[in-house]
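Subject: Structure for you to look at

Hi there,

Here is the structure I promised to pass on, with the sequence alongside. Have a look at it first, and then read my notes below.

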Amino acid sequence: DGQLHQFDMEEIKKLGLEKDVRMVFEHAKASYDFFEYVWGKVNLDFFLDLMRQTMLLSDWDVSNQQQSFLIPSLIQDKFEYTKGIVGIRCIFEFDFLPLGVFQRLLSLCILQSSRQKNKNGTTIKLEPELYSNFGAIELQEGFVLRLQLQEQNDTLASSQAIFAFFEDWTFASKGYEIVKAMLEKINYDVMGSGLTWNVLFESKPNQELVSLSAARAQKLHPWFDGNDGDKTQITSRNVDI
């Protein structure tokens, strides 16, 4: 946090790290050199591994840019919803959603994106769109996951929730399983299994929201009808860092 951690800017300039510091506080991305300056060479790998394991950062490797690390908790810009988000949605509703859960979910999505290869064997080229309350991330070629954080202080919000939107319905079922597995991982690894949530699924064309049990019983399209084309068993154990 730039307001909590003050740097000697004269020293920063002498070391050639002025751009690195700006990237941290303006774009929530840190370079390897920046972390080496902050933590020192001896402790660097330990702290990087610790932050990876606690999902506080992700290696930013989604394009051919210089090696850097995304720190979602430092993202300051808030997404303004001037129009509806495109796609069919499922909603994870929480009684209580602690600060840091949504940010860790973004971190895991960036990790998933950076590991995926498109059909030509190169890294994914679509730049993620990231805000403190929204993210649009290509998890694999053609599969863009849009996540929205709804907080209780949002207009008309009655609960805390995370919305997942899928413009391409063929990825809806798989996408739901991925987001669920990521939330389970965050819950087990960081939150002491204290998080609980309910899931609602949008039914088209009437936009009705259906509970998990009802959606399964109805084999609701496109969530549970078995026609997603790329169905694999996904659990929190598969979402590894």
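Before anything else, please keep in mind that this is a predicted model.

Strand S4 (residues 88-94) pairs with S9 through five bridges, in the antiparallel sense. Within that pairing, Ile91 sits opposite Leu200 of S9. On S9 there is also a pairing with strand S10 (residues 208-211), again antiparallel, with four bridges. Here Leu200 faces Ser211 in S10. Four residues lie between the strands in the hairpin of S9 and S10, and Gln207 has a positive phi near 65° there. Strand S9 covers residues 197-203, and five of its seven residues are buried, so the rest of the structure largely encloses this strand.

These strands belong to an open sheet of seven, in the order S5-S6-S7-S8-S4-S9-S10, and the pairing is antiparallel. Its edges are strand S5 (129-130) and S10, each of which pairs on one side only.

Two helices lie across this sheet. Helix H5 lies across S5, strand S6 (134-140), strand S7 (143-150) and strand S8 (160-166), and runs at about 25° to S6. Helix H6 (residues 172-189) lies across S4, S6, S7, S8 and S9, at about 20° to S4. I looked at H5 in more detail. Its 15 residues should span 21 Å at 1.5 Å a residue, and the end C-alpha atoms are 21 Å apart, which agrees. Of those 15 residues, 13 are buried, so H5 is largely enclosed by the rest of the structure.

S1 and S3 run antiparallel and are joined by three bridges, and Lys29 stands opposite Leu70 in S3.

Now for the aromatic side chains. The whole structure holds 18 aromatic pairs. In one of them, the ring centres of Phe35 and Phe69 are 5.7 Å apart and the planes are at 55°, so this pair counts as tilted. Phe35 belongs to helix H3 (residues 32-39) and Phe69 to strand S3 (residues 68-70), so the pair ties together parts that are 34 residues apart in sequence. Phe35 and Phe69 are both buried. Phe163 and Phe165 make a stacked pair, because their planes are at 10°, with ring centres 6.1 Å apart. Phe163 has 9% relative accessibility and so counts as buried. Phe165 is buried too, at a relative accessible area of 7%. Ring pairs also join Phe92, Phe143, Phe166, Phe171, Tyr176, Phe201, Trp223 and Phe224 into a cluster.

What about the nonpolar interior? In soluble globular proteins, nonpolar side chains tend to be buried together. In this model the largest nonpolar core has 58 residues, and the ones with the most contacts inside it are Phe35, Leu145, Leu147, Ile162, Phe166, Phe201 and Trp223. Helix H5 (residues 101-115) contributes the most to this core, with eight residues. Apart from this core lies another one of nine residues, including Ile85, Phe163, Phe165 and Leu200.

Leaving aside residues up to four places away in sequence, Leu145 touches Cys109, Gly135, Ala136, Ile137, Leu139, Ala164, Phe165, Phe166 and Val179.

Happy to go through any of this with you.

Best wishes

Technical notes:
Residues numbered from 1 in each chain as written. Predicted model: local features only at pLDDT ≥ 70, side-chain atom pairs only at ≥ 80, totals over all residues. Heavy atoms only, no water. Buried < 20%, exposed > 50% of the residue type's maximum accessible area, 1.4 Å probe, protein only. Pairing = 2+ DSSP bridges. Phe/Tyr/Trp six-rings, centres within 6.5 Å; stacked < 30°, edge-to-face > 60°. Core = buried A, V, L, I, M, F, W, Y, C linked by side-chain atoms within 4.5 Å. Contact = heavy atoms within 4.5 Å. Axes fitted to C-alpha atoms, helices over the stretch in contact; angles between N-to-C directions. Expected span 1.5 Å × (residues − 1).
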